Amino acid sequence: MNILVLVKQVPDTSDVKFDERGVMIREGVQSILNVFDQFALEEALRLRQKYGGEVSVMTLAPEQAKTAVQKCLALGADKAYHISDKAFGGSDTLATSYALSLAIRKAGNFDLIMAGNQATDGDTGHIGPQVAEWLGIPHVSYVEQVLSIENGRATVKSILEDGYRIVDVELPALFACLPPTNFEYTNPSMSGIIKAKSKPYTWWKADDIDGDKSKFGLNGSPTRVLKMYPPPKRSRGTVFTGDYHDAVKKIIEALMEKKVIE
Amino acid sequence: MSDYKGILVVGEIYDGKIRPVTFQLVSKARELADTLNTTLSVVLLGHNIGDMAREPIYYGADKVYVMDDQIFEPYVAEVYSRALTKFIGNLKPEIVLIPATHTGREYGPRISAALETGMTADCTDLVIKNGRFVQVRPAYGGNIMGEIITPNHRPQISTVRPNVFKTREPDRSRTGEIVQVKPEFDSMKVRTFIKEIVKTTVTGAKKLDEAKIIVSGGRGVGSKEGFEKLRELADLLGGAVGASRVAVDLGWMPKSAQVGQSGITVQPDLYIACGISGTIQHIVGMKDSKVIVAINKDPNAPIFNIADYGIVGDLHEVIPIFIEEIKKIKKK
Amino acid sequence: MLDFTFTEEQEMIRESVREFAQKKIAPIALEMEKTRQIPEDIIKGMADLGLIAPTVSPEYGGQGFDAVTAGIIAEELARADVTGSIPVFYLVQASWGHIFDKYGTEEAKREVLPNVTKGKWFLGIATTESDAGSDVAGTRTTIRKEGDHYVVNGEKMYISGVREAYTRGGGHITIAKQNPELGTRGMTLFYLPLQSKGIIPTYVDDLGREGISTGGFTIDNVVIPKHYIIGEENRGFYIVHEGYEYARGLISVICAGAGLQSLERGKKYLKERKAFGQPLAKFEALQFRLAEHYTKLSFLRLGAYWALWTYDQEAKGKATRFEVSKAIAMAKMFASEWSNAAIDEVMQWQGAFGYTRECPDQAAWRAIRSFAWAEGSKEIMRVIVSRELLGKEYISYK
């Protein structure tokens, strides 16, 4: 079983703040491995343990994302591909997924490609399905678990808003993964961290992957960000601090007046 | 680019019915179509669609394309994306709206890649500014809003979460055209197969995104049992019970009850937040409620900054008073 | 070359330990003072990550970490566990695991160390007696050779982890007099399993770090095999000092980490809490205190890592024993005092709440207070530094 996991480094969104002009305040914001991707990786490592084979990770990101990739290696991935070039600057999801699909073709034949269902920064959920489309392979989103792999097919559990589906897919396929509630993320062990240093780490530039370079980066991105701004604030209303009975009565009166309760 | 005309809404049929989000998108698309002075079409994929095809017209569609084939049942991403790619490629709409449901978010991005055009996920608003289609969406866990355009590619594709847009009053006298379309595929080989579909939603929770009143609880509720009181108040008001992510993570409420960034978006008339501090991730999922009431021990809880009415206090004391007062009024 | 950065790997180690410690340890820290033990799943989690005695070589289940890297783990554990229990559990085993690894026999290392690093056994240090603390030469416990084994008699007191080793397994690196007439040159160090026949434990009620036990044990004709001797016979006094230096270095980092973490909590409180119509953080008197304590503890932290670095330099032949002793003693001299002063300040900001058992800072205060004497009192640190400055001939005692 040859598995590739697509990963991304993201700012920890619980720390992220923006100024009035919509510019991110970088100070004090930690960069972390997207948790959805970590779940995909842990699921891939579980599959490797069960079915054997190799787990590779790939990212398309500036050099500093290496720490997130190193974390994947420390958690147990066997090797890493890091595609980094100024030519990819300003990529939207279409341009990113295109470049990733080229790099995947170059990296070799994978039975399974796993990715986080979405990244916590952009939150688009586009990359998985788009990469699958570029590669012409089937995919399933919202995958909570890969149940089994047999005879070139995988059976997965995919979450719906009101339940789940058990889906059987021909390999190679891509699974966009969503951690179950309460998923316990693994911390890299000390020995994993030490071993990570000596694992194969391949750097590729834009010139190293074959494809239509006009589809890279900002030029290859159909979407443009017009502007960013802090979300509109609702203004603070009346806050009661005294007697509960009095407060409740006043609120109910107001609610009735506004006809939100009858 | 000028070949691309009109707005297309991809409708979703789920459990044999058109999903409400379809009508929400049609309602919004009607406004956009009027502004742009263009036509609004809806495409429905499914099997035995029959008279359902008329419904989008009541909400403002000019034309409904129906692709009725057993291959669409049950839903599979690769089939939907292939059929829609072909259809959209032929129709050439300038704007395509897709529901940001689990299914829409699965097949949608494949279409954008296949057509090599721009796509914007989870839009919270769609506006026409100086003739340009502007897609508004949150990012970074709702900490920032972005305005996205697709200047040189068509169609411009957006996905929109359920309950972001309001549904218009249906006009059953409205007429429009229904066009049957034979689905076309570049390849008929289907590699995905649905073995089983299991529904797990607990009773009462499903109506959360349709409820007019929601009583929602967070860490402050303290326990699974603590939610009983919230349910009592919700039942009394004819509403549903929601939860913050923490309450779900702690196992007090099912995932399907989670309101917020990683849960569902709600827009009720009344949202009562009990023991919810109001992280930005929660707030993005409920901030468009008409009236927000917050009960929290911590006077500095951010939830008070967006609440219309707040009570600083212990919800375990305040909720019973609420229940008691509502009961009194009901008696009258 | 002067470079204050940690390596990429060390940064990853810090991040992994921090995530684990903040997620698993911080929420249950105060709980440990009630249950009086470190929860089993925490010990298992630490062992799985490789955090127990990571200074031991990989062939015996450790990570082969140097002192600086061991210090990083100590700091993160101290920042998460306000009771100081896990930092003590960690530092004792990291320090004495290192000594066992360096001076123990192959047979003993194979038998003991993998069980320690796996979290099954506890490895401690037993030098102190009721009448011999900093003055190790006052030791009364004896060891005598009898054929192919040794027999030990005596009593140890104020020892960390007695219950842990007595109930879980493991034991303490123990010092005893083999040739009393030779004074400090006649002391031998050996591994003493606490489940040996002839050991009776006793316990004391500590003021802090209550998640780990403190106690003593009587040693009544306990038989020790030859391969349990650590280092050569009669060299115990010197080896034990090396281990204490390691522990003192880690303690200095722990004091800095715990104090800085307390200041973090205090900083948040100053911003949130309002008095006389404005946040406390707006009062300059409090701002200055915060700035002073933060500065002192930051220097303490730097000094502590520098001392551990000096220890690592000795292993590379780039520093002498004396330089290490002095650096470590300087790092520990003010460690507990400065840390306690900062934590005390944070308790003061919190008023009445700061004086309750719910306040995490009071637990940190009690824990840190122990390091004013533990593993070498602050007075002894002054003795060491002045000895290195003036020369041995000026030692004021014999």
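Visitor: Which residues touch the most other members of the largest nonpolar core?

Guide: In this core of 237 residues, A:V5 and A:A99 touch the most other members. A nonpolar core is a set of buried Ala, Val, Leu, Ile, Met, Phe, Trp, Tyr and Cys residues joined through C-beta atoms within 7 Å. Buried means that 20 or more other C-beta atoms lie within 10 Å of a residue's own, exposed means 12 or fewer, and partly exposed is in between, with C-beta atoms placed from the backbone. By the way, this is a predicted model, where local features need pLDDT of at least 70, side-chain atom pairs count only at pLDDT 80 or more, and totals for chains, interfaces and linings use all residues. Residues are numbered from 1 along each chain as its sequence is written, while chains are lettered from A and ligands numbered from 1 in the order in which they are written.

Visitor: Which helix gives the largest share of the core?

Guide: Helix α8 (residues 236–272) of chain C does, with 16 residues. Helices (H or I, at least four residues) and strands (E, at least two) are DSSP runs, numbered from the N terminus.

Visitor: Which residues is A:A99 in contact with?

Guide: For a contact, the C-beta atoms of two residues, placed from the backbone, lie within 7 Å. Leaving aside neighbours within four places in sequence, A:A99 contacts A:L60, A:I83, A:F88, A:S91, A:I209 and A:F216.

Visitor: Why is helix α2 of chain A largely enclosed?

Guide: Count its buried residues: eight of the 10 in α2 (residues 66–75) of chain A are buried, so the rest of the structure largely encloses this helix. Among them are A:A68, A:K71 and A:L75.

Visitor: In what order do the six strands of the open sheet stand?

Guide: Strands pair if DSSP finds at least two bridges between them. Here the order is β15(A)-β18(B)-β17(B)-β16(B)-β14(B)-β15(B), with parallel pairing. At the edges stand β15 (238–240) of chain A and β15 (240–243) of chain B; each has a single partner strand, so one side of each is left without a neighbour in the sheet. On average, neighbouring strands are turned by 20° against each other, direction ignored.

Visitor: How many bridges join β14 of chain B to β16 of chain B?

Guide: Five, and the two strands run parallel. One example is B:I214, whose bridge partner in β16(B) is B:Y271. Helix α5 (residues 226–237) of chain B packs on this sheet, touching β14, β15 and β16 of chain B, and its direction makes about 170° with that of β14(B). For such angles, axes are lines fitted to C-alpha atoms, for helices over the stretch in contact, and values run from 0 to 180 degrees between N-to-C directions.

Visitor: How many residues does the contact take from chain A and from chain B?

Guide: Chain A gives 70 residues and chain B gives 75. On the chain A side, helix α6 (residues 244–257) of chain A has the largest share, nine residues. Strands meet across these chains too: β11 (residues 163–170) of chain A and β13 (residues 192–199) of chain B pair in the antiparallel sense over seven bridges. There, A:R165 has B:I197 as its bridge partner in β13(B).

Visitor: How many residues of chain C are in contact with chain A?

Guide: 12 residues of chain C contact 11 residues of chain A. The elements giving two or more residues to the chain C side are α1 (8–25) and α3 (40–49) of chain C. α1(C) gives the most, with six residues.
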